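Trainee: Could we go through a structure together, feature by feature, so that I learn how to read it?

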Amino acid sequence: MKTRNLFLVVIGLVLLLESGARADGDDWRKLNPKEKDKIRRNYERWEKLPPRDKEHLREEWDRWNRMPQDRRDQLKQRFEDHRRGQD
Amino acid sequence: MENREGTPLEGACRNYEEDLVLYYYAETGVSERTMIEQHLAQCSRCRKFVDDLVRVLPQMAPKPELPQPFWNDYFRETVAKLDEQTARQNWWRRWLVPLNGWLVPAFGTVAIAVFAIALMLEKGHFKSTTETVSPNIPAEVLVDSNQLEFFKSLEILESLSTLEQQDRAQPERKSSHTESERGTQAA
């Protein structure tokens, strides 16, 4: 009886840890390699920015999130057009 | 009470009848036995009653006397059956007894390991883990969808003000462009 209970507890812990680890990394795993590479490059660049620029970008992020979806789409489209023009 | 020949047992003294039956079966105490024996020495009716008990009762409930060879065979057969049963039950236990101390924990560990590996293989956990390990990005960023989205949108954020200025300027340019077009068409 004691061994069986111990076995069940261990199985339960394994399942719990496995599901937790899976849930934690899900967003990152769902990204395609191109997106992952982009995030990695941007993160490295972000690391080297001075604190004032970091703070500014955080504020811009908050402002971006407060924008209506159509406005965001519009700006995103403009950004893509601009980038294609540069290429 | 009647014996087999139909001769009724003659009655003993009323006070002694029950005690005499117990006396016959030797189930009386020492003092009672002494008292009954003293009474038997004086009372011929009770003596006759005891004699009748000695004569009649063994015939009523004869003891089954089985011959000694029967008991010898019985003992031999019982021992043989027990040996056979013990041998039949324990052939596998003899193999498992040395493993008994660590068999259950070992089996449990192997089962857990197999289960965990099967679970990870089924969901492609190994592949994704090895492929997506990013030593440069801390885990707290990888697990936070908001942070991931932030770093994904970093370029837009950097040029957000410029984009907005362009967006404000563009309609003006567009409107002035259409006005000039109208002027040309009118001319």
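**A helix contact and two residues**

Mentor: In this predicted model, His39(B), Leu40(B), Ala41(B) and Gln42(B) of helix 2 of chain B meet Ser44(B), Cys46(B), Arg47(B) and Val50(B) of helix 3 of chain B, where contact means heavy atoms within 4.5 Å. Residues are numbered from 1 along each chain as its sequence is written, and chains are lettered from A in the order in which they are written. Local features need pLDDT of at least 70, side-chain atom pairs count only at pLDDT 80 or more, totals for chains, interfaces and linings use all residues, and side-chain values use heavy atoms, leaving out hydrogens and water.

Trainee: At what angle do helix 2 and helix 3 of chain B pack?

Mentor: Two packed helices are described by the angle between their axes and the distance between the axes. Here helix 2 (residues 30–42) and helix 3 (residues 44–60) of chain B pack at about 110°, with axes 6 Å apart, and the two are therefore roughly perpendicular (65 to 115 degrees).

Trainee: How far is the sulfur of Cys13(B) from the closest cysteine sulfur?

Mentor: The distance is 3.5 Å, to Cys46(B), which is too far for a bond, since a disulfide is a pair of cysteine sulfur atoms within 2.5 Å. Cys46(B), at 0% relative accessibility, counts as buried (under 20% relative accessible area, 1.4 Å probe, protein chains only).

Trainee: What is phi of Ala26(B) near?

Mentor: Most residues other than glycine have a negative phi. Phi of Ala26(B), however, is near 60°, a positive value, and Ala26(B) lies in the loop between helix 1 (17–24) and helix 2 of chain B.

Note on methods. Axes fitted to C-alpha atoms, helices over the stretch in contact; angles between N-to-C directions. Helix = DSSP H or I, 4+ residues; strand = E, 2+ residues; numbered from the N terminus. Parallel < 35°, antiparallel > 145°, perpendicular 65-115°, else oblique. Buried < 20%, exposed > 50% of the residue type's maximum accessible area, 1.4 Å probe, protein only.
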